[in-house]
Amino acid sequence: MATQSQVLFEKDSVFIHVNVNSHHSDKDAHIPGKVFIIQKPEGTFIEWKAEEILQVDGQNEQEWAVIGSSLSVGYKPDTGSGSDVPTKEEARRKYNISFDILDLKSFKRNAPNHGWAYVIFILKDGTTYPALHFHSGGSKAMLQFLGKTLHIQRSPKDNRLFIVQEHDPDMLSKSFDELNLFADSQGDLVTKFIKDPYTTSLAGFSKVTNFLKDVLLQPDAQIPRQREEVADILSEDIPGMEISNQDEPGYELITKTKLPSRPSVSRGTPLTGEQWSKHMDSDGKIKDIDKLKDVIFRGGVDPALRIDVWKFLLGYYNWQSTYKTRTDERKRRVDDYFRMKLQWKTITAEQEKRFAMLRERKCLIEKDVTRTDRTHKFFGGECNPNLQVLNDILMTYCMYNFDLGYVQGMSDLLSPVLVVMENEVDAFWCFAGLMERVCNNFEMDQGGMKHQLAQIHKLMQHTDPELCSYLESHDSGNFYFCFRWILILFKREFSFPDVQRLWEVLWTDRPCQNFHLIICLAILDTEKSTLIENKFGFTEILKHINDMTGAIHLEETLKKAESIFLQLKESKKLPNHLKEILGFEVSPDNSASSSNKTTPSSTPVFPEVVQSASPVKTTPASTPVFPPIVPKLELSARLSSIQTNGHSNPSSGSGTAVSTPNNDSSIEILSDTCDTAVNNFYN
């Protein structure tokens, strides 16, 4: 009952930053609120609530809203019509926090002299809450209060991470009573002590030593995940995938290559209008293209210039074109676009009845458009004409690329492009250029995605074998938690402006090919201590990675990614298969043999999809095997242990966390069968 609750600690001016990379002047990005430590009949809870919600609730008994931790390892279920745009109050309420402190596994603090003090709470089930920023102090006082109840220990590897140790205050006193140190009667004990005090004392202390060894010092109890259970979960993700249930071999060879130290890297400023003009001659031809791309890679593009620069980066215009050739080219593209648009616009209702593929794609597009980035002002509000433009571009793309058509996730890629171009034709051709870069992500057999996940594994084996080994031993060596990152190019991990900045950096194709894979390594490197020292398993890793949405610092990640690249580039013994991934020159002596090495045990295997039903080759024990995938994939129960009806199930208490606070994504869980395999895989 709320009347039985007692507030033990309270602090106002505690903000949640919706976008960690936003400017301080962006008021919508900083949500003010209060943090509480409340003693309830069911336990002690940490709670945070937005000030606007506190004002609305008034003096009524507070029904503390609990945010649902919707683990976006799949496509979110449809919540209704696109006109159901959440109000500001509803959006704020989704951020409310409540969890039992007994569920707390660890927390992170900001580095010293790093802006406002903040605390990030991480639960035992992997749930990670958005950072609570204490704009007027109070974080130290709150943590000191927690220290009176919890046994907290600083991580030896990351001084910002604090681990909550399992602690039972009554265990020690009870256990010493049960030790029965002096089981003999008092008279016998005195007699023995007088005769041989040394032996009598050591006999008693030996019991303490054995107790400490057997009880207090034993490692944390973990419930091992049965291999059959992992196989069942993953086979639901990809029907037809086989995981060997045989025992591991009796030995495993682990090799570690010493890499050069990571150099420090600095970022630059965005490309300015003056710089852009200097790179163009009197005829409008771009000069010093390589230097121009270097500037864009180092700092991005000024938002006012994106409407021009993106057309070159995405292949709309040729870098060698002039003002005149670009004018002619645009006229041709306008004609081509409306010719394709007319093809589907003029299909009659009678024709559509006999065109099942078009009906399915049309229905899917309409369903996705109504919930794509609806919180963005460009798409907000009811009857927004920009939604119709989004719909028409995607329908026309089905005419442009019959084979691929439309796959869920493509609306997320189009949205930032349309916001920049603000023109239907220009947005279409830039989107078509973007799809040329990422079309392999949407293959029916998911071969392109599995190939990139395997490449991440190979890179991490070389750059961080410790983290790679940890992930492999916790059923995560397949790197499926990176699936959404790659599928839609981190669209859900960063804010809208940061995604635009990241994409233009990637489109320069610098400093190497597949740089987006190294960005994955950089993000995981930042989270390494959290994953390992919290001893996160399969489900906890998935939840933690998902809850990082909006909490990743873009510039710091880009600097770390470039530093990792330079580290690999300076490596004198870089294997040829890694050189191939990064686009380096491959040594001819070992190029053939490097790709034919035996795959070590526990290494995920992502073979090319074959057309014939030939038997799968034998692979080492416990190696995931991916035989040919059928075109139709169907998602059954998606990780029911993690998510039920779109909400997580914390181990106790009511605590959950924000993963994607705005319900505006076209990515969702679909229970129905669709034309594409990606529809049935987690984003």
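**Exercises on helix packing and strand pairing**

The axes of helix α10 (residues 306-313) and helix α15 (residues 410-421) come within 9 Å and cross at roughly 130°. The model is predicted, and local features need pLDDT of at least 70, while side-chain atom pairs count only at pLDDT 80 or more and totals for chains, interfaces and linings use all residues. Residues are numbered from 1 along each chain as its sequence is written, and side-chain values use heavy atoms, without hydrogens and water.

**Exercise 1.** Classify the crossing of α10 and α15, and describe the contact.

*Solution.* 
1. The crossing is left-handed: the near helix is turned anticlockwise from the far one by less than a right angle.
2. Helix α10 contributes R306, I307, W310 and K311, and α15 contributes P416, V417, V420 and M421, where contact means heavy atoms within 4.5 Å.
3. By class, this contact has 6 nonpolar, no polar and 2 charged residues; Ala, Val, Leu, Ile, Met, Phe, Trp, Tyr, Cys and Pro count as nonpolar, Asp, Glu, Lys and Arg as charged, and the others, Gly among them, as polar.

**Exercise 2.** Determine how strand β4 (residues 97-100) is paired and where its residues point.

*Solution.* 
1. Strand β3 (residues 43-50) pairs with β4 in the antiparallel sense over 4 bridges; pairing requires at least two DSSP bridges.
2. D100 in β4 is the bridge partner of F45.
3. I97 and F99 point one way from β4, S98 and D100 the other way, and all are buried (under 20% relative accessible area, 1.4 Å probe, protein chains only).

Methods:
Axes fitted to C-alpha atoms, helices over the stretch in contact; angles between N-to-C directions. Helix = DSSP H or I, 4+ residues; strand = E, 2+ residues; numbered from the N terminus. Parallel < 35°, antiparallel > 145°, perpendicular 65-115°, else oblique. Buried < 20%, exposed > 50% of the residue type's maximum accessible area, 1.4 Å probe, protein only.
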